[in-house]
Amino acid sequence: MTEKLYYLDSHMNNFTAVVTSCEHDGKRWCVTLDRTAFFPEGGGQAADTGLIGDVKVLDVHEKDGRILHYTENAIEPGREYACSIDWEQRFRRMQNHSGEHIVSGIVHSRFGYDNVGFHMGEDYVTLDFNGELTAGEIAEVELAANRAVWENVRITAEFPSDRELETMEYRSKLNLTENVRIVTVEGYDKCACCAPHVKRTGEIGIIKLVDFMKHRGGVRITMLCGSDAFADYSEKQRSAAEISSLLSSKRNEIYPAVKRVYDELQNEKYQSSELKKSVLVARAEKLENTEGNYCFFYSSAFDVNSLRSLVNEAVKRCGGIAAAFSGSDEGGYNYVMGSSHIDLRAKSKEINAGISGRGGGSPEMIQGSARASRAEIEKFFKV
(Lines give C-alpha, C1' and ligand atoms only; values in the text may rest on other atoms or scores of the structure.)
Protein backbone atom coordinates (compact mmCIF):
# COMPACT_ATOMS: atom_id res chain seq x y z
CA MET A 1 0.00 0.00 0.00
CA THR A 2 1.49 3.32 -1.06
CA GLU A 3 1.76 5.96 1.69
CA LYS A 4 -0.16 9.04 0.52
CA LEU A 5 2.10 11.93 1.41
CA TYR A 6 -0.22 14.46 -0.24
CA TYR A 7 -2.70 13.77 2.57
CA LEU A 8 -0.04 14.44 5.23
CA ASP A 9 1.22 17.68 3.69
CA SER A 10 -0.38 19.31 0.65
CA HIS A 11 2.71 21.55 0.24
CA MET A 12 5.23 18.72 -0.01
CA ASN A 13 6.79 18.99 -3.45
CA ASN A 14 10.10 17.14 -2.97
CA PHE A 15 10.48 13.72 -1.39
CA THR A 16 12.29 10.40 -1.70
CA ALA A 17 10.62 7.09 -2.48
CA VAL A 18 11.48 3.52 -3.41
CA VAL A 19 10.20 2.19 -6.71
CA THR A 20 8.23 -0.98 -5.89
CA SER A 21 7.30 -1.94 -9.45
CA CYS A 22 7.69 -0.84 -13.06
CA GLU A 23 5.57 -2.45 -15.74
CA HIS A 24 4.60 -1.68 -19.33
CA ASP A 25 0.88 -1.75 -20.14
CA GLY A 26 1.38 -1.76 -23.92
CA LYS A 27 1.29 2.03 -24.20
CA ARG A 28 3.38 3.46 -21.38
CA TRP A 29 5.34 2.61 -18.24
CA CYS A 30 3.41 2.24 -14.96
CA VAL A 31 5.45 2.83 -11.83
CA THR A 32 4.44 2.32 -8.19
CA LEU A 33 6.23 3.82 -5.19
CA ASP A 34 6.28 2.97 -1.49
CA ARG A 35 5.28 6.60 -0.76
CA THR A 36 4.18 9.44 -2.99
CA ALA A 37 3.29 13.13 -2.95
CA PHE A 38 1.98 12.87 -6.52
CA PHE A 39 -1.77 13.42 -6.36
CA PRO A 40 -3.75 11.10 -8.66
CA GLU A 41 -6.63 12.59 -10.61
CA GLY A 42 -9.72 12.98 -8.43
CA GLY A 43 -12.25 15.35 -6.91
CA GLY A 44 -12.31 17.43 -10.08
CA GLN A 45 -8.57 18.12 -9.86
CA ALA A 46 -6.14 16.80 -12.48
CA ALA A 47 -3.19 14.61 -11.58
CA ASP A 48 0.22 16.01 -10.73
CA THR A 49 3.18 15.76 -13.08
CA GLY A 50 6.89 15.98 -12.29
CA LEU A 51 9.97 13.76 -11.98
CA ILE A 52 11.00 10.45 -10.44
CA GLY A 53 14.77 10.75 -10.59
CA ASP A 54 15.24 12.26 -14.03
CA VAL A 55 12.26 10.45 -15.58
CA LYS A 56 9.17 12.50 -16.36
CA VAL A 57 5.86 11.59 -14.69
CA LEU A 58 3.15 12.27 -17.28
CA ASP A 59 0.01 11.27 -15.34
CA VAL A 60 -1.07 9.61 -12.09
CA HIS A 61 -4.13 7.44 -11.47
CA GLU A 62 -5.40 5.40 -8.55
CA LYS A 63 -6.64 2.00 -9.71
CA ASP A 64 -7.74 -0.90 -7.51
CA GLY A 65 -6.03 0.68 -4.51
CA ARG A 66 -2.72 1.15 -6.39
CA ILE A 67 -1.33 4.57 -7.29
CA LEU A 68 0.08 4.30 -10.79
CA HIS A 69 2.62 6.85 -11.98
CA TYR A 70 2.73 6.85 -15.79
CA THR A 71 6.24 7.70 -16.96
CA GLU A 72 7.92 8.26 -20.32
CA ASN A 73 10.68 5.72 -19.56
CA ALA A 74 11.26 2.64 -17.40
CA ILE A 75 12.61 3.04 -13.85
CA GLU A 76 14.61 0.38 -11.99
CA PRO A 77 12.58 -1.17 -9.12
CA GLY A 78 14.09 -1.54 -5.66
CA ARG A 79 16.00 1.73 -5.76
CA GLU A 80 15.27 4.94 -3.89
CA TYR A 81 14.83 8.05 -6.01
CA ALA A 82 14.54 11.77 -5.38
CA CYS A 83 11.10 12.82 -6.61
CA SER A 84 9.63 16.24 -7.33
CA ILE A 85 6.22 17.42 -8.46
CA ASP A 86 5.54 20.39 -10.71
CA TRP A 87 4.86 22.76 -7.82
CA GLU A 88 3.71 25.74 -9.86
CA GLN A 89 1.07 23.56 -11.51
CA ARG A 90 -0.01 21.96 -8.22
CA PHE A 91 -0.22 25.26 -6.32
CA ARG A 92 -2.24 26.90 -9.10
CA ARG A 93 -4.72 24.04 -8.99
CA MET A 94 -4.94 24.16 -5.19
CA GLN A 95 -5.65 27.90 -5.33
CA ASN A 96 -8.49 27.35 -7.78
CA HIS A 97 -9.88 24.30 -5.98
CA SER A 98 -9.84 25.94 -2.55
CA GLY A 99 -11.45 29.02 -4.09
CA GLU A 100 -14.16 26.81 -5.54
CA HIS A 101 -14.92 25.38 -2.10
CA ILE A 102 -15.31 28.88 -0.68
CA VAL A 103 -17.62 30.05 -3.48
CA SER A 104 -19.70 26.86 -3.38
CA GLY A 105 -20.00 27.07 0.41
CA ILE A 106 -21.17 30.68 0.28
CA VAL A 107 -23.72 29.98 -2.48
CA HIS A 108 -25.04 26.99 -0.52
CA SER A 109 -25.33 28.84 2.81
CA ARG A 110 -26.84 32.04 1.41
CA PHE A 111 -29.08 30.75 -1.38
CA GLY A 112 -29.46 27.02 -0.69
CA TYR A 113 -28.14 25.91 -4.09
CA ASP A 114 -25.89 22.88 -4.57
CA ASN A 115 -22.79 22.67 -6.70
CA VAL A 116 -23.79 20.03 -9.27
CA GLY A 117 -20.83 20.43 -11.63
CA PHE A 118 -17.19 21.44 -11.34
CA HIS A 119 -14.55 21.55 -14.07
CA MET A 120 -11.00 22.75 -13.60
CA GLY A 121 -9.46 23.42 -17.00
CA GLU A 122 -6.07 24.82 -17.91
CA ASP A 123 -7.55 28.27 -18.55
CA TYR A 124 -10.71 28.57 -16.46
CA VAL A 125 -12.70 26.90 -13.70
CA THR A 126 -16.45 26.46 -14.09
CA LEU A 127 -18.98 25.84 -11.31
CA ASP A 128 -22.56 24.71 -11.99
CA PHE A 129 -25.31 25.40 -9.45
CA ASN A 130 -28.87 24.05 -9.49
CA GLY A 131 -30.46 27.47 -9.06
CA GLU A 132 -30.25 30.82 -10.82
CA LEU A 133 -28.35 33.80 -9.46
CA THR A 134 -28.61 37.42 -10.57
CA ALA A 135 -25.61 39.57 -11.47
CA GLY A 136 -26.02 41.39 -8.15
CA GLU A 137 -26.10 38.15 -6.17
CA ILE A 138 -22.98 36.87 -7.94
CA ALA A 139 -21.19 40.14 -7.10
CA GLU A 140 -22.26 39.59 -3.47
CA VAL A 141 -20.82 36.06 -3.53
CA GLU A 142 -17.56 37.30 -5.05
CA LEU A 143 -17.08 39.94 -2.36
CA ALA A 144 -17.84 37.45 0.43
CA ALA A 145 -15.41 34.91 -1.10
CA ASN A 146 -12.62 37.49 -1.16
CA ARG A 147 -13.38 38.47 2.44
CA ALA A 148 -12.69 34.83 3.27
CA VAL A 149 -9.31 35.22 1.55
CA TRP A 150 -8.53 38.45 3.42
CA GLU A 151 -9.38 36.82 6.74
CA ASN A 152 -6.74 34.15 6.01
CA VAL A 153 -8.67 31.41 7.82
CA ARG A 154 -7.41 27.84 8.11
CA ILE A 155 -8.27 25.06 5.67
CA THR A 156 -8.06 21.62 7.26
CA ALA A 157 -8.68 18.05 6.14
CA GLU A 158 -9.68 15.06 8.26
CA PHE A 159 -11.07 11.55 8.08
CA PRO A 160 -13.84 11.57 10.70
CA SER A 161 -15.07 8.35 12.26
CA ASP A 162 -18.34 6.83 11.10
CA ARG A 163 -20.01 8.07 14.30
CA GLU A 164 -18.68 11.61 13.80
CA LEU A 165 -19.77 11.56 10.18
CA GLU A 166 -23.35 10.67 11.11
CA THR A 167 -23.85 13.96 12.94
CA MET A 168 -21.70 16.14 10.68
CA GLU A 169 -23.23 18.52 8.15
CA TYR A 170 -21.18 18.75 4.98
CA ARG A 171 -21.58 19.17 1.25
CA SER A 172 -21.15 16.19 -1.06
CA LYS A 173 -22.30 15.30 -4.58
CA LEU A 174 -22.16 11.59 -3.70
CA ASN A 175 -23.67 9.49 -0.92
CA LEU A 176 -20.41 8.53 0.79
CA THR A 177 -20.28 5.99 3.62
CA GLU A 178 -16.61 5.14 4.35
CA ASN A 179 -13.13 6.69 4.19
CA VAL A 180 -14.75 10.10 3.78
CA ARG A 181 -12.26 12.98 3.79
CA ILE A 182 -13.75 16.27 4.94
CA VAL A 183 -12.14 19.57 3.91
CA THR A 184 -13.14 22.49 6.12
CA VAL A 185 -12.72 26.18 5.35
CA GLU A 186 -13.27 27.70 8.79
CA GLY A 187 -16.49 29.68 8.86
CA TYR A 188 -17.27 29.15 5.19
CA ASP A 189 -17.51 25.56 4.04
CA LYS A 190 -17.33 21.89 4.96
CA CYS A 191 -17.18 19.50 2.00
CA ALA A 192 -16.18 15.93 1.18
CA CYS A 193 -13.10 16.09 -1.08
CA CYS A 194 -10.06 13.93 -1.82
CA ALA A 195 -7.87 16.63 -3.38
CA PRO A 196 -5.05 18.66 -1.78
CA HIS A 197 -5.79 22.26 -0.79
CA VAL A 198 -3.92 25.32 0.42
CA LYS A 199 -3.45 25.55 4.19
CA ARG A 200 -4.86 29.03 4.69
CA THR A 201 -7.20 31.06 2.50
CA GLY A 202 -4.68 33.89 2.17
CA GLU A 203 -2.64 31.65 -0.14
CA ILE A 204 -5.45 31.90 -2.72
CA GLY A 205 -4.67 35.58 -3.23
CA ILE A 206 -7.83 36.58 -5.06
CA ILE A 207 -11.08 34.99 -6.25
CA LYS A 208 -12.51 36.48 -9.44
CA LEU A 209 -15.87 35.42 -10.90
CA VAL A 210 -15.25 36.44 -14.50
CA ASP A 211 -18.51 35.37 -16.16
CA PHE A 212 -21.82 33.57 -15.67
CA MET A 213 -24.63 32.14 -17.80
CA LYS A 214 -27.88 30.26 -17.39
CA HIS A 215 -27.27 26.51 -17.52
CA ARG A 216 -29.76 23.63 -17.21
CA GLY A 217 -32.17 25.52 -15.02
CA GLY A 218 -29.39 26.95 -12.87
CA VAL A 219 -26.25 28.96 -13.41
CA ARG A 220 -22.71 28.26 -14.61
CA ILE A 221 -20.06 30.53 -13.13
CA THR A 222 -16.61 30.91 -14.64
CA MET A 223 -13.94 31.62 -12.05
CA LEU A 224 -10.21 32.29 -11.73
CA CYS A 225 -8.15 32.28 -8.53
CA GLY A 226 -4.65 33.16 -7.44
CA SER A 227 -1.93 33.11 -10.07
CA ASP A 228 -4.46 32.41 -12.83
CA ALA A 229 -6.50 35.47 -11.84
CA PHE A 230 -3.30 37.55 -11.71
CA ALA A 231 -2.26 36.39 -15.19
CA ASP A 232 -5.74 37.16 -16.54
CA TYR A 233 -5.70 40.63 -14.97
CA SER A 234 -2.22 41.32 -16.36
CA GLU A 235 -3.33 40.38 -19.87
CA LYS A 236 -6.44 42.56 -19.61
CA GLN A 237 -4.32 45.45 -18.33
CA ARG A 238 -2.01 45.03 -21.32
CA SER A 239 -4.98 45.12 -23.68
CA ALA A 240 -6.46 48.11 -21.87
CA ALA A 241 -3.14 49.96 -22.15
CA GLU A 242 -2.96 49.34 -25.91
CA ILE A 243 -6.58 50.41 -26.42
CA SER A 244 -6.16 53.55 -24.31
CA SER A 245 -3.07 54.46 -26.34
CA LEU A 246 -4.91 54.00 -29.64
CA LEU A 247 -7.86 56.08 -28.47
CA SER A 248 -5.80 58.63 -26.47
CA SER A 249 -7.88 57.99 -23.35
CA LYS A 250 -7.19 56.99 -19.75
CA ARG A 251 -7.31 53.27 -19.04
CA ASN A 252 -10.27 53.57 -16.70
CA GLU A 253 -12.14 55.60 -19.33
CA ILE A 254 -11.71 53.32 -22.34
CA TYR A 255 -15.35 52.19 -22.42
CA PRO A 256 -16.80 55.63 -23.29
CA ALA A 257 -13.96 56.12 -25.80
CA VAL A 258 -14.66 52.75 -27.45
CA LYS A 259 -18.41 53.45 -27.39
CA ARG A 260 -17.83 56.78 -29.14
CA VAL A 261 -15.72 55.13 -31.88
CA TYR A 262 -18.23 52.29 -32.19
CA ASP A 263 -21.14 54.72 -32.63
CA GLU A 264 -19.18 56.64 -35.24
CA LEU A 265 -18.40 53.44 -37.14
CA GLN A 266 -22.03 52.33 -36.99
CA ASN A 267 -23.10 55.69 -38.39
CA GLU A 268 -20.48 55.47 -41.15
CA LYS A 269 -21.58 51.91 -41.88
CA TYR A 270 -25.21 52.99 -42.15
CA GLN A 271 -24.37 55.91 -44.45
CA SER A 272 -22.17 53.66 -46.58
CA SER A 273 -24.94 51.08 -46.84
CA GLU A 274 -27.48 53.72 -47.84
CA LEU A 275 -25.09 55.07 -50.46
CA LYS A 276 -24.51 51.60 -51.91
CA LYS A 277 -28.27 51.01 -52.04
CA SER A 278 -28.83 54.28 -53.88
CA VAL A 279 -26.08 53.48 -56.38
CA LEU A 280 -27.56 50.04 -57.13
CA VAL A 281 -31.13 51.32 -57.29
CA ALA A 282 -30.04 54.05 -59.69
CA ARG A 283 -28.47 51.41 -61.91
CA ALA A 284 -31.61 49.27 -61.78
CA GLU A 285 -33.81 52.23 -62.71
CA LYS A 286 -31.90 52.51 -66.01
CA LEU A 287 -32.46 48.87 -66.95
CA GLU A 288 -34.52 48.06 -70.00
CA ASN A 289 -37.49 45.73 -69.63
CA THR A 290 -36.80 42.08 -70.41
CA GLU A 291 -38.77 38.85 -70.45
CA GLY A 292 -35.61 36.99 -69.43
CA ASN A 293 -33.36 37.13 -66.37
CA TYR A 294 -31.06 39.73 -64.91
CA CYS A 295 -27.82 38.67 -63.20
CA PHE A 296 -25.62 41.20 -61.37
CA PHE A 297 -22.19 40.72 -59.77
CA TYR A 298 -20.48 42.94 -57.19
CA SER A 299 -17.61 42.72 -54.75
CA SER A 300 -18.14 41.53 -51.17
CA ALA A 301 -18.25 45.20 -50.11
CA PHE A 302 -21.93 45.16 -51.13
CA ASP A 303 -23.98 43.54 -48.39
CA VAL A 304 -27.24 41.62 -48.65
CA ASN A 305 -29.35 44.71 -47.88
CA SER A 306 -27.80 46.53 -50.85
CA LEU A 307 -28.43 43.53 -53.11
CA ARG A 308 -32.02 43.35 -51.91
CA SER A 309 -32.65 47.00 -52.85
CA LEU A 310 -31.24 46.33 -56.33
CA VAL A 311 -33.36 43.21 -56.81
CA ASN A 312 -36.55 44.93 -55.62
CA GLU A 313 -36.12 47.55 -58.34
CA ALA A 314 -34.91 45.14 -61.04
CA VAL A 315 -37.90 42.84 -60.55
CA LYS A 316 -40.16 45.60 -61.89
CA ARG A 317 -38.39 45.34 -65.26
CA CYS A 318 -37.86 41.59 -65.38
CA GLY A 319 -40.12 38.81 -66.64
CA GLY A 320 -37.83 36.12 -65.22
CA ILE A 321 -35.51 36.20 -62.22
CA ALA A 322 -33.48 39.19 -61.01
CA ALA A 323 -30.39 37.72 -59.30
CA ALA A 324 -27.67 39.74 -57.55
CA PHE A 325 -24.40 38.27 -56.26
CA SER A 326 -21.62 39.71 -54.09
CA GLY A 327 -18.26 38.03 -53.53
CA SER A 328 -15.74 36.29 -55.77
CA ASP A 329 -14.99 32.96 -57.42
CA GLU A 330 -12.29 32.29 -54.80
CA GLY A 331 -14.37 33.03 -51.71
CA GLY A 332 -17.84 32.20 -53.02
CA TYR A 333 -20.88 34.42 -53.38
CA ASN A 334 -23.86 35.60 -51.35
CA TYR A 335 -27.00 36.05 -53.39
CA VAL A 336 -30.44 37.64 -53.40
CA MET A 337 -33.01 36.70 -56.06
CA GLY A 338 -36.46 38.07 -56.77
CA SER A 339 -39.28 37.53 -59.24
CA SER A 340 -42.85 38.70 -59.71
CA HIS A 341 -43.67 35.86 -62.16
CA ILE A 342 -41.89 32.75 -60.79
CA ASP A 343 -42.46 30.99 -57.44
CA LEU A 344 -38.87 31.11 -56.18
CA ARG A 345 -39.52 29.07 -53.07
CA ALA A 346 -40.77 26.21 -55.25
CA LYS A 347 -37.86 26.65 -57.65
CA SER A 348 -35.13 27.18 -55.01
CA LYS A 349 -34.01 23.54 -55.00
CA GLU A 350 -33.40 23.61 -58.77
CA ILE A 351 -31.65 26.99 -58.57
CA ASN A 352 -29.34 25.95 -55.71
CA ALA A 353 -28.44 22.73 -57.53
CA GLY A 354 -27.54 24.74 -60.64
CA ILE A 355 -25.23 27.20 -58.82
CA SER A 356 -23.88 24.90 -56.05
CA GLY A 357 -25.79 26.96 -53.55
CA ARG A 358 -27.74 26.89 -50.32
CA GLY A 359 -30.62 29.13 -49.39
CA GLY A 360 -34.34 29.77 -49.45
CA GLY A 361 -37.06 32.25 -48.64
CA SER A 362 -40.48 33.30 -49.91
CA PRO A 363 -42.15 32.80 -53.31
CA GLU A 364 -41.14 36.37 -54.21
CA MET A 365 -37.54 36.41 -52.91
CA ILE A 366 -34.84 33.99 -51.81
CA GLN A 367 -31.32 34.51 -50.53
CA GLY A 368 -28.32 32.35 -49.69
CA SER A 369 -24.82 31.49 -50.84
CA ALA A 370 -23.25 29.87 -53.92
CA ARG A 371 -19.93 28.14 -54.58
CA ALA A 372 -20.16 28.07 -58.39
CA SER A 373 -18.00 30.42 -60.46
CA ARG A 374 -19.36 33.55 -62.11
CA ALA A 375 -19.17 31.87 -65.53
CA GLU A 376 -21.17 28.87 -64.26
CA ILE A 377 -23.79 31.11 -62.66
CA GLU A 378 -24.18 33.24 -65.78
CA LYS A 379 -24.52 30.08 -67.85
CA PHE A 380 -27.28 28.81 -65.57
CA PHE A 381 -29.26 32.05 -65.91
CA LYS A 382 -28.36 32.28 -69.63
CA VAL A 383 -27.15 35.86 -69.47
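This is a predicted model: local features need pLDDT of at least 70, side-chain atom pairs count only at pLDDT 80 or more; totals for chains, interfaces and linings use all residues.
Helix H2 (87-111), strand E9 (115-120) and strand E13 (189-192) each contribute at least two residues to the lining of the largest pocket.

**Largest pocket**

- The lining of this pocket comprises 25 residues, of which Ser172, Lys173, Leu176, Ala192 and Cys193 are the closest to the pocket centre.
- Helix H2 provides the largest share of the lining, namely four residues.
- By class, the lining of the largest pocket consists of 10 nonpolar, nine polar and six charged residues.

**Second largest pocket**

- Strand E14 (207-215) and helix H5 (226-247) are the elements that give two or more residues to the lining of the second largest pocket.
- With seven residues, H5 accounts for the largest share of that lining.
- The residues lining the second largest pocket are Ile206, Lys208, Val210, Leu224, Ala229, Phe230, Asp232, Tyr233, Lys236, Gln237 and Ala240.
- Seven nonpolar residues, one polar residue and three charged residues make up the lining of the second largest pocket.

**Ser98 in helix H2**

- Ser98 is located in helix H2, the helix that also supplies four residues to the lining of the largest pocket.
- Ser98 has a relative accessible area of 1% and therefore counts as buried, since the cut-off for that class is under 20%.
- The side chain of Ser98 reaches the backbone nitrogen of Val198 at 3.3 Å.
- When residues up to four places away in sequence are not counted, Ser98 touches Ile155, His197, Val198 and Ile204.

**Loop residues with positive phi**

- Asn152 is not a glycine, yet its phi is positive, at about 55°.
- Asn152 belongs to the loop between helix H3 (135-151) and strand E11 (155-158).
- The relative accessibility of Asn152 is 30%, so this residue counts as partly exposed.
- Ser248, which is not a glycine, likewise has a positive phi of about 55°.
- Ser248 is situated in the loop between H5 and helix H6 (254-285); H5 is also the source of seven residues in the lining of the second largest pocket.
- Ser248 counts as exposed because its relative accessibility is 71%, and the exposed class begins over 50%.

Key: Residues are numbered from 1 along each chain as its sequence is written. Side-chain values use heavy atoms; hydrogens and water are left out. On a 1 Å grid over the protein atoms alone, a cavity is a set of points where a 1.4 Å probe fits but cannot get out, and a pocket is an open set with protein on both sides within 12 Å along at least five of seven lines; lining residues have an atom within 4 Å of a point. Ala, Val, Leu, Ile, Met, Phe, Trp, Tyr, Cys and Pro count as nonpolar, Asp, Glu, Lys and Arg as charged, and the others, Gly among them, as polar. Buried means under 20% relative accessible area, exposed over 50%, partly exposed in between (1.4 Å probe, protein chains only). A polar contact is a pair of N or O atoms within 3.5 Å; within protein, one must be able to donate a hydrogen and the other to accept it, and residues adjacent in sequence count only if both atoms are side-chain atoms. Contact means heavy atoms within 4.5 Å.
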